[in-house]
Amino acid sequence: MPVEQSTANVTRAESVDEIPAGRRRAFGKSHKLDNVLYDVRGPVVDEAARMEADGTHILKLNIGNPAPFGFRTPDEVVYDMAHQLTETEGYSPSKGLFSARKAIMQYAQLKNLPNVTIDDIYTGNGVSELINLCMSALLDDGDEVLIPSPDYPLWTACVNLAGGTAVHYVCDEQSEWYPDIDDIRSKITDRTVAIVLINPNNPTGALYPKEVLQQIVDIAREHQLIIFSDEIYDRLVMDGLQHTSIASLAPDLFCVTFSGLSKSHMIAGYRVGWMVLSGNKRIAKDYIEGINMLANMRICSNVPAQSIVQTALGGHQSVNDYIVPGGRLYEQREYIYNAINAIPGLTAVKPKAAFYIFPKIDVKKFNIHDDEQFALDLLHDERILITRGGGFNWGEPDHFRIVYLPRIEVLKDATNKIANFFSYYWQN
């Protein structure tokens, strides 16, 4: 750098420092974030990262990321993406490649979603992008959306960021974590525009039977609500049970169903998600125009990732081998359920789907009043990273989520450490 320019830069820097503190401009985060929470990656995770930077090994049971635990993408999927890379260098249509949307449409037909055409299919960079898009296109300030508690926190965050109000209805732990229908009814106001369902559920692993889904459809029909159904775990269902898409029960309502390949095909990093519009689309014509506008504005989702949808949805589904007796997910579910319930002061409902368990803590036994502090104490003492229940908009400090993707020998070590932790823990 020339001497004159270097000197000028120093002079400018010194002049900034000389500005009185009261006159300096500071930049803060948007107040839209005041009611936004995402503890799946939050303060406790930041502390874990700091500890790792200092050389401490952390067992991460906080996020549903299959790859680090040895779940590999099917070879056929990797092969097909590699051979299509040169054909996917440009943009696709905003809704996605025809081949991907055709395969998704056929999958929706197998799930009995009514009145679905290829124009009703939208691909996204994971379901997360599409949730944000849908809420932004729908909500005006003060509009209310019913969301389960506990929930996947992105739903609450996206509603609040879009200017809406997230109203949480309770899922009942004493009833297999099914939605409390009476509580849903009590939360509906003249500002309620939609209800969100997460089925199979994250973080509880619950799977809702057809009877419960029908009750929710009846409420949505009575109050003319949109149904948003997050079904990203619909193929990770165990015990011989079957997943029912709520949209299949509501041909007269407008429904938006979300799914993708991140979990069922163990390829979270590819970011392949989609949504399907179904049912009575005439009543949502203006809203769909808004969805199309925002879909066009982001140009398109990842095109190489779209190229594998047809391959992934067709033929043998490798996930089927994981969810039956002898399969990894099934056996890991069996182990974690029994191990958690064997720890004094902990209980858990047996998950039927996905790969999460949501244990309950006897807070009186351990004097727990702050679940974030509990998560930090567990991290510091035992080097185990979990997500606190409050991170899923659960109102009490008495739950936490464990991801049971690690192999049984790793889960055994983890549960031994958790048992040791609760053998002495008392929160100050």
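**Backbone, packing and pockets**

Reply: Start with D239, which sits in the loop between strand 7 (226-230) and strand 8. Keep in mind that this is a predicted model.

Me: OK. What is phi of D239 near?

Reply: Near 65°. That is a positive value, and D239 is a residue other than glycine. Most residues other than glycine have a negative phi, and most peptide bonds are trans.

Me: Then which peptide bond into P150 do we have, cis or trans?

Reply: Cis. The bond runs from S149 to P150, with omega near 5°.

Me: And where is P150?

Reply: In the loop between strand 3 (144-149) and helix 6 (153-161).

Me: What about the bond from N199 to P200, cis or trans?

Reply: Also cis, with omega near 0°. P200 lies in the loop between strand 6 (192-198) and helix 8 (210-223).

Me: Switching to helices. At what angle do helix 14 and helix 15 cross?

Reply: First, the general point: two packed helices are described by the angle between their axes and the distance between the axes. For helix 14 (residues 371-382) and helix 15, the angle is roughly 115° and the axes come within 11 Å. The two helices are therefore roughly perpendicular to each other.

Me: Left-handed or right-handed crossing?

Reply: Right-handed for helix 14 and helix 15.

Me: Which residues make the contact?

Reply: Helix 14 brings F374, D377, L378, D381 and E382. Helix 15 answers with K417, I418, N420, F421, F422 and Y424. By class, the contact of helix 14 with helix 15 has six nonpolar residues, one polar and four charged.

Me: Now helix 12 and helix 15. How far apart are their axes?

Reply: 10 Å. Helix 12 covers residues 328-341, and it packs on helix 15 at an angle of about 15°. That makes helix 12 roughly parallel to helix 15.

Me: And the hand of that crossing, left or right?

Reply: Right-handed, as helix 12 passes helix 15.

Me: Who touches whom there?

Reply: On helix 12, the contact residues are E331, Q332, Y335, I336, A339 and I340. On helix 15, they are I408, L411, K412 and T415. The contact of helix 12 with helix 15 splits into six nonpolar, two polar and two charged residues.

Me: One more pair. How do helix 5 and helix 6 cross?

Reply: At roughly 30°, with the axes coming within 9 Å. Helix 5 spans residues 126-138. The angle makes helix 5 roughly parallel to helix 6. Helix 5 passes helix 6 in a right-handed crossing.

Me: Which residues meet?

Reply: S128, I131, N132 and M135 of helix 5 meet L154, W155, C158 and V159 of helix 6. In the contact of helix 5 with helix 6, six residues are nonpolar, two are polar and no residue is charged.

Me: What lines the largest cavity?

Reply: I104, Y107, A108, K111, L113, E231, D234, S245, T257, S259, W274 and V276. The elements giving two or more residues to that lining are helix 4 (98-110), strand 8 (254-260) and strand 9 (272-279).

Me: Which element gives the most there?

Reply: Helix 4, with three residues. By class, the lining of the largest cavity has six nonpolar, three polar and three charged residues.

Me: And the second largest pocket, how much space lies in it?

Reply: About 340 Å³. The second largest pocket has 22 lining residues, and E52, I58, L59, K60 and N62 lie nearest its centre. The elements giving two or more residues to this lining are helix 2 (43-53), strand 1 (59-60), strand 13 (384-385) and helix 15 (408-424).

Me: Which of them gives the most?

Reply: Helix 2, with four residues.

Me: How do the residues of that pocket lining divide by class?

Reply: The lining of the second largest pocket has 12 nonpolar, three polar and seven charged residues.

Terms used:
Residues are numbered from 1 along each chain as its sequence is written. This is a predicted model: local features need pLDDT of at least 70, side-chain atom pairs count only at pLDDT 80 or more; totals for chains, interfaces and linings use all residues. Side-chain values use heavy atoms; hydrogens and water are left out. On a 1 Å grid over the protein atoms alone, a cavity is a set of points where a 1.4 Å probe fits but cannot get out, and a pocket is an open set with protein on both sides within 12 Å along at least five of seven lines; lining residues have an atom within 4 Å of a point. Grid points are joined across faces, edges and corners, and a volume is the space filled by probe spheres set on the points. Ala, Val, Leu, Ile, Met, Phe, Trp, Tyr, Cys and Pro count as nonpolar, Asp, Glu, Lys and Arg as charged, and the others, Gly among them, as polar. Axes are lines fitted to C-alpha atoms, for helices over the stretch in contact, and angles run from 0 to 180 degrees between N-to-C directions. Angles under 35 degrees count as roughly parallel, over 145 as roughly antiparallel, 65 to 115 as roughly perpendicular and the rest as oblique. A crossing is left-handed if the near helix is turned anticlockwise from the far one by less than a right angle, and right-handed if clockwise. Contact means heavy atoms within 4.5 Å.
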